[in-house]
Amino acid sequence: MRADLLKKELEIFTFGDLLNHFPLRHIDKTKIGLIGEVNGFTDYIQVVGRLMHYEMVGVGRAKRLVAQIKDKTGMMELTWFQGGSWMEKNLHIGSDYLVFGKTGFFNNKPQIVHPEIEVFVPAKAGGKAFLEPVYPSTEKLKARALNGRQLAKLTQTLLTLLQPKDIPENLPDHLIKSLKLFSRYEAFAGIHFPTSEMVYSKALERLKFEEFFVAQIRLQLVRVQRNVVSRGVVFGKVGPHFTDFYNNYLPFTLTGAQKRVLKEIRNDTAKGRQMNRLLQGDVGSGKTMVALLSMLLAADNGFQSCLMAPTEILAQQHYHGLKELLKDMPLEIALLTGSVKAAERKRILKGLIEHTIHFIVGTHAVIEEVVKFKALGLVIVDEQHRFGVAQRARLWEKAAIPPHVLVMTATPIPRTLAMTAYGDLEYSIMDELPPGRKPITTVQRNEMARANVMGFVKEEIDKGRQVYFIYPLIEESEKLSYEDLMQGYEQVKSFFPEPKYRISMVHGKQPAEQKETNMQRFVNGDTQIMVATTVIEVGVNVPNASVMVIESAEKFGLSQLHQLRGRVGRGSEKSFCILLTGSKASKEAKERINIMCATNDGFKIAEKDLAMRGPGEIEGTKQSGALNFKLASILNDKSILELAKQKAVSLVEDDLYLEKPENEPLKNFMQSQQMKNGWSKIS
Ligand code: ADP
Ligand code: MG
């Protein structure tokens, strides 16, 4: 019965699972608190109190057992919503009980719901502190009297039955020795029943290292084995297209970071194996030019390239921008999106098969099955996080030898996150902005001060600048935000009347063509004002735009705000980002706004974002499964992660198929894990 509950409630099936059900924390059960000390900040407490009274109250679903205990400082209420009648039989008025649980307040009185409770037996004088584990449990289990304490007893019994050989080592010997790690057996014993704080932290360290290490081994196996077995098309030479463009049409000199990344790409693509590279560049660092130069390199070697963007607007903009840059070169570029008309589509499909089209820019439409290439050699995925792994994989089917892949991220992600979520990719960073950029000044203003803000915006427009007004788009209440947007549009219009001022509006509900026309008018400078939802968020590049006003800025996440702000500050003019907020912003929202006002550095913002939201919430990593660590945290255990990665890289490079006897335990362990989890390869 209990075994069933353990299975159902905690997914504990085996002894191994029980050992892997780690305590949340330990408490020193010789420490007894006072009821009178409980306040709003008290989390868990252990008290000894005399049972004064108990009764079943309420009816139906609200039926519960309520008891009062008392120590010399006060009264506390204990409540059982489940299992009350069972509990009732075991309570004796006037007895002293040792009670432990999470405290709360009910009717201003301290209360513990479903406490752990047992008859109090005074500790022997001078008894040693005993760190008892506190396990995550569930209400149902607690109601069946299988609470944390019972779990502890079960685990303790198990541990006394087990011997070191029953918990065999999975890490290579030399690692354990050189890193002075606990053995696996010591670690499990120590994490459940530490004899001291030191033992606990050594146990924890060992298990965290193991988690990171095994995950890194997996990633490195994928990466290094792919490097060995995968074939890739060879971009062996820099030819006339690249050179001609570089010498005659490149509109600026490349930044050091752009040059470095290009060199990395050149190296990768010349080796005859498939490139899988993640390019992380802050907004405005000039990723598009890196993409174009890579495409020219592909063309020089007789291959076609495909540039994929997450939105139609961005695809269009890339297409127009690249077409303009390539206008005097003998290379054909085409745009393929969902809204391309049948005749044009037919022409493009033919051009791709016949290789009369060299570059294709598009949305997910380019990965449809009907799209076939003669010689696809390079795929660039811009603003990667919106493309799923499966979608990317479909591209591999479009060529006999898989094309090189360059993934460009929308927003920087912290290094630790990149290491875990994209650890099997090669990794480039562009942390340098083109010269001459003036830092964007970011300020927060209350909605009440809108008139002032509009006055400022007017001055900027009158100087010849262009301005964005962005409205939040919240999916669940799309209708509402649409109305907000329309209201906003009317409001902006009343401040900036036609014909002196001209406004473009772009939002998700418009047909693609209308979106494009409106966008294009803003790009051309026909309109000075762009009123939009976040469809504008990624990638859009209008260097003359110098003011970004974000309405209800408290509703946006950090990376989104940073992306939006990245739409300005792209030219040589001083740029501004104004974050308008209502007065009801939450504490976190205020913190986000403060961070935005304090820094322009996307890498710093990414770190803060990770710290505030936790790794599970960062876009694009949720589904990757790469972050399912039980004990280790990429936020708090950076140095363990770095160490684990370093050790994993050298191990895999030394023993690519884990064939050496010293790595056999690791290999076996990973295989058994794989069978258990049905692990699927991360890509
Ligand atoms: P992102 O990395 O955000 O995609 P873009 O590729 O859109 O950035 O580039 C932002 C702007 O910077 C564009 O106007 C682009 O022409 C310009 N740019 C890119 N590289 C350089 C450079 N080396 N020198 C000057 N301007 C550059
Ligand atoms: Mg871009």
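Leaving aside its neighbours within four places in sequence, which residues is Lys-398 in contact with? Select Lys-398 and you'll find Val-366, Ile-367, Glu-368, Glu-369, Val-371, Phe-373 and Leu-376 (contact means heavy atoms within 4.5 Å).

Before moving on: this is a predicted model, where local features need pLDDT of at least 70, side-chain atom pairs count only at pLDDT 80 or more, and totals for chains, interfaces and linings use all residues. Residues are numbered from 1 along each chain as its sequence is written, chains are lettered from A and ligands numbered from 1 in the order in which they are written, and side-chain values use heavy atoms, with hydrogens and water left out.

Stay on Lys-398, in the loop between helix H14 (389-396) and strand E14 (404-408). Helices (H or I, at least four residues) and strands (E, at least two) are DSSP runs, numbered from the N terminus. Lys-398 counts as buried because its relative accessibility is 13% (buried is under 20% relative accessible area, exposed over 50%, partly exposed in between, with a 1.4 Å probe and protein chains only). Show its side chain: it reaches the backbone oxygen of Glu-368 at 2.9 Å and that of Val-371 at 2.8 Å.

Next, select His-355, in the loop between helix H13 (342-354) and strand E12 (359-362). Its phi is near 65°, positive although the residue isn't glycine.

Jump to Leu-658 for another positive phi in a non-glycine residue, near 50°. Leu-658 sits between helix H22 (638-654) and helix H23 (664-677), in the loop, and is buried at 5% relative accessible area.

Finish at Pro-499, in the loop between helix H17 (478-495) and strand E18 (503-506).

Note on methods: A polar contact is a pair of N or O atoms within 3.5 Å; within protein, one must be able to donate a hydrogen and the other to accept it, and residues adjacent in sequence count only if both atoms are side-chain atoms.
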